[in-house]
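Hi,

Here's the structure I said I'd pass along.

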Amino acid sequence: MTPKTHNKILLTGAAGGLGKALREPLKLNCNTLRLSDISSFGEAGKNEEIILADLANSQQVHTILEGVDAVVHMGGISVEGPFGPILQANILGAYNLYEAARMHGVKRIVFASSNHVTGFYSQGQTITADDPPRPDGLYGLSKAFGEDLSRFYFDRYGIETACIRIGSSFPEPKDRRMLATWLSYDDLHRLITACLATPVLGHSIIFGASNNSVSWWDNSRAKHIGFHPQDTSDIFKDGIYSNSKAPDLTDPVVQFQGGGFVVMGPHGFVD
Ligand code: NAI
Ligand code: 15L
């Protein structure tokens, strides 16, 4: 059962893929769910509020933080691309969010970081949260900034954050790489619930993946969060293997954990 730990939770990025998937389940975690995005996405339902805001606009971000007691921060640019929009949405946006959280006394944030913070580790390596970031592009760098920013706001102001380095959260894994990186929507909600409910979160980094047999990530540094994934990509393995050819082991896309992101240029295509 999902514990209702908060009165009002703000979900940013509510119009996006994960925002839509989290909208219903996150209502179990609170009395009121405030949904925000830069794009409009319909009307508020029961126990919901909708306030549109651009994360890059500090005034608008102050408005969405008012009266909330926790944030699930999914908003921003979610793929590799030119630096300008990433700077605005992910870097300035994260700063605006933490500054508004500080001013409004919000004490717990779940931040959607990404596996692309460590995308340049080899697929043959198992890494922990103690291994240094090795971002695989401008997008991964912006998430690394968000992780450092949240650490600063914890050390200086006591705002607790879980940085979830989400692997690949989609209805199903799409390729061989995602057999290692897949995080089901239900496990994503379980993980966010654990981050919201654990008594002492501190500043924590946790890799977001389901209980997949092939894994590159060791979450032993985050046992205090109490996340126990219940889904697995294993059930998709036979289908994915039969629909794809054997990988070229000299291809960086196959060698590194970040997959296709490690060769993507700032315009979203291969350099
Ligand atoms: P998405 O691209 O579908 O959704 C992101 C949402 O953020 C969009 O609705 C967009 O309108 C909104 N947004 C963009 N710029 C904004 C701004 N300036 N102000 C306010 N809102 C803005 O991405 P998705 O897949 O839902 O991912 C959610 C979060 O999780 C993102 O932060 C992404 O980086 C992260 N993530 C997702 C993964 C996945 O597998 N889906 C993997 C790793 C990280
Ligand atoms: C991400 O960070 C992206 O937001 C998502 O669209 C996927 O590409 C995912 O990583 C992944 O690595 O599969």
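A quick word on terms before the notes: I call a residue buried when its relative accessible area is under 20%, and exposed when that value is over 50%. Also keep in mind that this is a predicted model.

With that cut-off, Asn-29 counts as buried, because its relative accessibility is 0%. You'll find Asn-29 in the loop that runs between α1 (17-26) and β2 (30-36). What does Asn-29 touch, leaving aside residues up to four places away in sequence? One group of its partners is Thr-2, Pro-3, Lys-4, Thr-5, His-6 and Ile-9, and the others are His-189, Thr-193 and Leu-196.

Now for the chain as a whole. The protein chain has eight helices and seven strands. Its radius of gyration is 18 Å, which agrees with the value near 18 Å that a compact globule of 271 residues would have. Along the principal axes, the C-alpha trace spans about 50 × 40 × 40 Å.

Of the contacts with a separation of 6 or more, 68% come from residues 24 or more positions apart.

As for the surface, the chain exposes about 12,200 Å², and carbon and sulfur atoms supply 54% of that. On the charge side, there are 23 positive and 28 negative side chains, with the centres of the two sets 4 Å apart.

Cheers

How values were computed
Residues are numbered from 1 along each chain as its sequence is written. Chains are lettered from A and ligands numbered from 1 in the order in which they are written. This is a predicted model: local features need pLDDT of at least 70, side-chain atom pairs count only at pLDDT 80 or more; totals for chains, interfaces and linings use all residues. Side-chain values use heavy atoms; hydrogens and water are left out. Helices (H or I, at least four residues) and strands (E, at least two) are DSSP runs, numbered from the N terminus. The radius of gyration is taken over C-alpha atoms; the globule rule is 2.2 Å times the number of residues to the power 0.38. Contact means heavy atoms within 4.5 Å. Accessible areas come from the Shrake-Rupley method with a 1.4 Å probe; for residues, only the protein chains shown count as cover. Lys and Arg count as positive and Asp and Glu as negative; His and the chain ends are not counted. The place of a charge is taken as NZ of Lys, CZ of Arg, CG of Asp or CD of Glu. Buried means under 20% relative accessible area, exposed over 50%, partly exposed in between (1.4 Å probe, protein chains only).
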